[in-house]
Amino acid sequence: MKDGAPFVLMTLTASEHQPSLGEAADKLGVSLEDLDSQFGVVPIDPEKGTYAVQVRSDKAPAPSTEPESGEYHGPWSNPKIAPFGPLKR
Amino acid sequence: MRIPVLLIVPQHKSLQMSATTAATKTAAGLDTTQTPSYPGVTLDATFAAVPLGARDDASVLTMESFQPERSAYFAVRGHVEANDVTEVSQRAGDAEIFADPRIASFITCGGTPPLGNAAAVAAKLNVPMLQGKNLDGRKVALAIVDTGINLPYLTTKLGRQPNLDARASWSPPGTPPPPPGGWPVNHGTMCAFDTQIAAPQAALVDFPVLNAHYPGSGSYMSGTLSAALAAYGFMLSSRASGPLSRYQALVASNSWGIFHPSWDFPAGHPGRYCDNPRHPFNLQIAAVTRAGIDVLFAAGNCGAPCADTRCLGRTTGAIMGASAVQEVLTLAGCDTQDVRVGYSSQGPSIPKMYQQKPDVTSYTHFLGSEAFGAGTPDSGTSAACPVAAGCVAALRSSPKIPPATLTTASLFNNIRNNARKTAGLPTGWDRDYGFGIIDPPAIVAALGL
């Protein structure tokens, strides 16, 4: 991550194989450095060729969440999650 | 209609005899043929008279005054036929009439002490029967998607070292984490313990998503959803061709979620999670189950009347996100007396998600891991979920039902269809219990295991 900018969650489609981080960057129209390399390219539904990446929020492409539009979708919510039970503080 | 009442009546020899007998014989009743009659009231012959002492004068209420032979007044039970309670008189002859209302046990809430223990849960699930058939989780991997497991603590509490597959476990990237099984004792260790009740031979795999620290993610002990997304991506790949592929089956237990929609994007945002079947995590979880991984989620702790404070008082549509995905098995919680715990989230789910959640109910609020201190219960739907996940792992250890033969959807349908109904539950789905309480022996019988 550069400059403390948070990441946003995006998805992309790639029908032939799981894309590399560089290929994902190309599909999103961003540079490789704008993607979260620790998160990587995460399979969502490999049968349908859907994958997730995290993109710097200040470099993210224009929002796209319509189901049939384009090669990428997002930003998607990445909410805080917590256990459904007690916790040691 | 028949209205139950209590009568306070003056002493009589038959009442003294009834009370004297009741002091030594629990099945004692009342000889109504020898007892004075009270107009309009039918006495209950099964209810022994109860001495009340010298009722009118508190200054003479001594222990002796409650002896049957000395008591001036007695309580007896009966009923009145009336159209409405307002028609019931205050007196019947020389008896005073009082209400005998239905009472119920106090509901289990967050601060309630444990009710029963892990052995009681094992008995409710008939674990000995499962183990007699070698249905104990062998050859099955059981992923604890949580805060991480502490293996030494688990070993101490179980009195044996459970199986942990470190190589198949997931480690969050970023700051160097502890090794699998080396996390501080916390919620994840409780969940791991609870799976062991029904699946002591399962191989635990550690998925500490709630301790992942991606840049821009949440605070300590409250990760963000992207960590779970990354973990399930790893799980999918590993199940296909990595260390998880060597197991006969894979079960994933998830005792986490979001407590309130305010944690999410605003309502109507197309990228929102909690009520959006198209959110990538909800799509991923559906794909994971189609890949033959049995995924269970806790329903949440936003049930009335004892919702977690983080629910901010919101108790309807409280089952959200992945807990409301049709393909997962969603767990409500009950105590070891089969009574729903008062914090267990109730259905139907948040609008736009699959509505008939929870699917089934499992056991919680029992003395188990004591991960939060001596005498503290394993609580929340957090405990109910891994208890059920252990049952699923136990069932999957049968060579007769590998996922290739019996899909996750089919197995979960079987679990729903064979859930046990408690008294008073309707046929079909119920908002508190789903289709009923998980009943492994019934599933074993239905599947011919």
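Predicted model: local features only at pLDDT ≥ 70, side-chain atom pairs only at ≥ 80, totals over all residues.
Residues are numbered from 1 along each chain as its sequence is written, chains are lettered from A in the order in which they are written, and side-chain values use heavy atoms, with hydrogens and water left out.

Nine of its nine residues are buried, so α5(B) is largely enclosed by the rest of the structure. Buried means under 20% relative accessible area, exposed means over 50%, and partly exposed is in between (1.4 Å probe, protein chains only). Among the buried residues of α5(B) are B:His187, B:Phe193 and B:Asp194.

In α9(B), residues 408–417, the buried set includes B:Leu411, B:Phe412 and B:Ile415. The buried residues of α9(B) pack against several elements of chain B, including α7 (280–290), β12 (293–298) and α8 (381–396).

| Site | Feature | Loop in chain B |
|---|---|---|
| B:Ala304–B:Pro305 | cis peptide bond, omega about 10° | B:Pro305: β12 to β13 |
| B:Gly347–B:Pro348 | cis peptide bond, omega about -5° | B:Pro348: β13 to β14 |
| B:Asn134 | positive phi, about 60° | α3 to β7 |
| B:Leu312 | positive phi, about 55° | β12 to β13 |

B:Asn134 is partly exposed, at 40% relative accessible area, while B:Leu312 is exposed at 58%.

**Where chain B meets chain A**

Contact (heavy atoms within 4.5 Å) brings in 53 residues from chain B and 34 from chain A. The buried area, meaning the accessible area (1.4 Å probe) that the two parts lose on being put together, summed over both, is about 3,700 Å², and carbon and sulfur atoms give 65% of that.

The rule finds one salt bridge across this interface: A:Asp45 with B:Arg290, closest N and O atoms 2.6 Å apart. To count, a side-chain nitrogen of Lys or Arg must be within 4 Å of a carboxyl oxygen of Asp or Glu. On the side of chain B that touches chain A, α6, β11, α7 and α8 of chain B each give two or more residues, and α6(B) gives the most, with seven.

Strands join in too: β5 of chain A (residues 82–83) and β11(B) run antiparallel, joined by two bridges, and strands pair if DSSP finds at least two bridges between them. There, A:Pro83 stands opposite B:Trp256.

Definitions and conventions. Helix = DSSP H or I, 4+ residues; strand = E, 2+ residues; numbered from the N terminus.
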